[in-house]
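Let's take a look at a protein together, starting with the whole chain and then zooming in on a single residue. Have the structure open as you read.

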Amino acid sequence: MFNTSVIEVSKSALINNYKIIRECVGEDVKVSSVVKGNAYGHGIEDFVPVAEECGMDHFSVFSTDEAYRVKKSLINPETQVMIMGWVDNDELEWVIKNDVQFYVFDLDRLNKLIEVSSTLKKKARIHFEIETGMNRTGFIGDELRKAVEKIKDNPQCVEMVGLCTHFAGAESVANYLRVKNQYSNFKRIARWMKNHGIVPQVRHVASSAASIAYPNSRLDLVRIGIMQYGLWPSQEILIHYLKNSGKKNDPLKRIISWKSKVMSTKEVGKGDFIGYGTTYQARDHMKVATVPIGYSHGYSRSLSNTGRILVNNSRVAVIGIVNMNMLMIDISEIPGIKKGDEVVLIGGEGPNAVSVSAFGELSDQLNYELLTRLPSHIPRKIVD
Ligand SMILES: *Cc1c(COP(=O)(O)O)cnc(C)c1O
């Protein structure tokens, strides 16, 4: 479709990342590809079939709307889809009918799914989430005991696919004790449930960070988001990985590139202000180019006068304020730039590449936030 920019997703980089992840977690652990947040901005509809071609057969999302989009995009209808968060009671019927697996973390959802499952005469495939110390969602105490009784009383309604929890920040060693505690709580409760006759098919607790920093926590399945997209949960986790693997360099490859074009060019006299207001004054006679990307396209306004962009493989500065739909760059030093030339907002090769994290640090957003803010209306294109 018509647009002012395009987001490219590299299949060869994705293949590389899955290879690295597989090397790291071993052959016996299942990998679930986490595609919440529009596949971290990569685009669910474009990303999911490519990930399937690369061997993924399990996807995790946050909510029913995302599960619906994943289901629609699948090549193989047998591929599993798991909702880790929000399912409205009204949505349970669709979810159960379509074999979508989902987290259960409160009695309300459990009661409701038993009702719906009885009506449909079809088991709900659940992942039972336990509270271990994040204090977000999950069963604990009295509710946990009641839920276990409920499941035992309704074996025709519930297929106990998974038992799970989530760590409160495995990417930082600052949370070490808390995460360790969470993991021992998980094991203790899993044992207790087993003694009460509840044995899940798989146990899972680890995201990208925990898979690297807490290898024991890989259990039967790991939920991998950020690493498949070629980024690390934190610098700490990369260092941890390099130390343990003996590798010298970061082996992951960013799979996203974000590209647009020069919209117009012009000369500006020494001393003139460029763009809105007076934040940028030409220090000399300058040449500037306009790019049809602004904060409405996900290019943060905080990159005003600080962002870096590639044209003709050279890094140039964003000058003046980032507008809603446009920004300006200084092309004084780059000869021959003309309307229609390619501009790279994220991506490129070699020392000039604009990495997501460099971009992220400059705009004061984390990798995760920056990617998921890329608007879904920008077209995605799979490249080699
Ligand atoms: C987002 C998410 C993950 C994946 O986290 P990454 O750090 O991107 O690997 C795993 N588990 C849950 C519950 C999540 O919400």
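Here is a short tour, from the overall picture down to one histidine.

## The whole chain

Keep in mind that what you're looking at is a predicted model. The protein chain has 384 residues, and 53% of them count as buried. Running along it you'll find 12 helices and 17 strands. If you boxed up the C-alpha atoms along the principal axes, you'd need roughly 80 × 45 × 35 Å.

## Zooming in on His204

Now find strand E8, which covers residues 202-204; His204 is part of it. Is His204 buried or exposed? His204 counts as buried because its relative accessibility is 0%, and the cut-off for buried is under 20%.

So who are its partners? Setting aside neighbours within four places in sequence, His204 is in contact with Met82, Tyr103, His127, Leu163, Cys164, Thr165, Leu219, Leu221 and Arg223. With one of these, His127, there is also a polar contact: the two side chains are joined at 2.9 Å.

Conventions: Residues numbered from 1 in each chain as written. Predicted model: local features only at pLDDT ≥ 70, side-chain atom pairs only at ≥ 80, totals over all residues. Heavy atoms only, no water. Helix = DSSP H or I, 4+ residues; strand = E, 2+ residues; numbered from the N terminus. Buried < 20%, exposed > 50% of the residue type's maximum accessible area, 1.4 Å probe, protein only. Polar contact = N/O pair within 3.5 Å; in protein donor to acceptor, adjacent residues only side chain to side chain. Contact = heavy atoms within 4.5 Å.
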